[in-house]
Amino acid sequence: MAKHKSAEKRARQAEKVRIRNRSWKSRIKTSAKKILKTIEEKDFSNIDELFRSFVSVVDRAAGKGVIKRNTAARKKSRMAKRILAAKTVQNLSS
């Protein structure tokens, strides 16, 4: 455990940041799961709105330093590809 006063303070700060980061990462995962569930159910009525909120959450997390900018870009790109593929399959089958 930390012995110096400054080390104790850094430990307290690190714990706060860890909890904040975990919260943001959880938001990202929840938002992604909502989109994937919508794709699975083939209900594309509000998929654009869900994707916009996903992009917003990911960009805000990247802006706060929770995830790196390239990681955010990769997550957005992969989700967009999944949505497009699902929409294409839906259009071909109908």
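The largest pocket of this predicted model is lined by K25, I28, K29, A32, F54, I67, K75, R78, M79 and R82. A pocket is an open set of points, on a 1 Å grid over the protein atoms alone, with protein on both sides within 12 Å along at least five of seven lines, and lining residues have an atom within 4 Å of a point. Helices α1 and α3 are the elements that give two or more residues to this lining; helices are DSSP runs of H or I with at least four residues, numbered from the N terminus. The lining has five nonpolar, no polar and five charged residues, where Ala, Val, Leu, Ile, Met, Phe, Trp, Tyr, Cys and Pro count as nonpolar, Asp, Glu, Lys and Arg as charged, and the others, Gly among them, as polar.

Residues are numbered from 1 along each chain as its sequence is written. Local features need pLDDT of at least 70 and side-chain atom pairs pLDDT 80 or more, while totals for chains, interfaces and linings use all residues, and side-chain values use heavy atoms, without hydrogens and water.

S31, a residue of α1, counts as buried because its relative accessibility is 9%. Leaving aside residues up to four places away in sequence, S31 touches L50, S53 and F54, contact being heavy atoms within 4.5 Å. Just after α1, K42 takes a positive phi of about 60°.

Terms used:
Buried means under 20% relative accessible area, exposed over 50%, partly exposed in between (1.4 Å probe, protein chains only). On a 1 Å grid over the protein atoms alone, a cavity is a set of points where a 1.4 Å probe fits but cannot get out, and a pocket is an open set with protein on both sides within 12 Å along at least five of seven lines; lining residues have an atom within 4 Å of a point.
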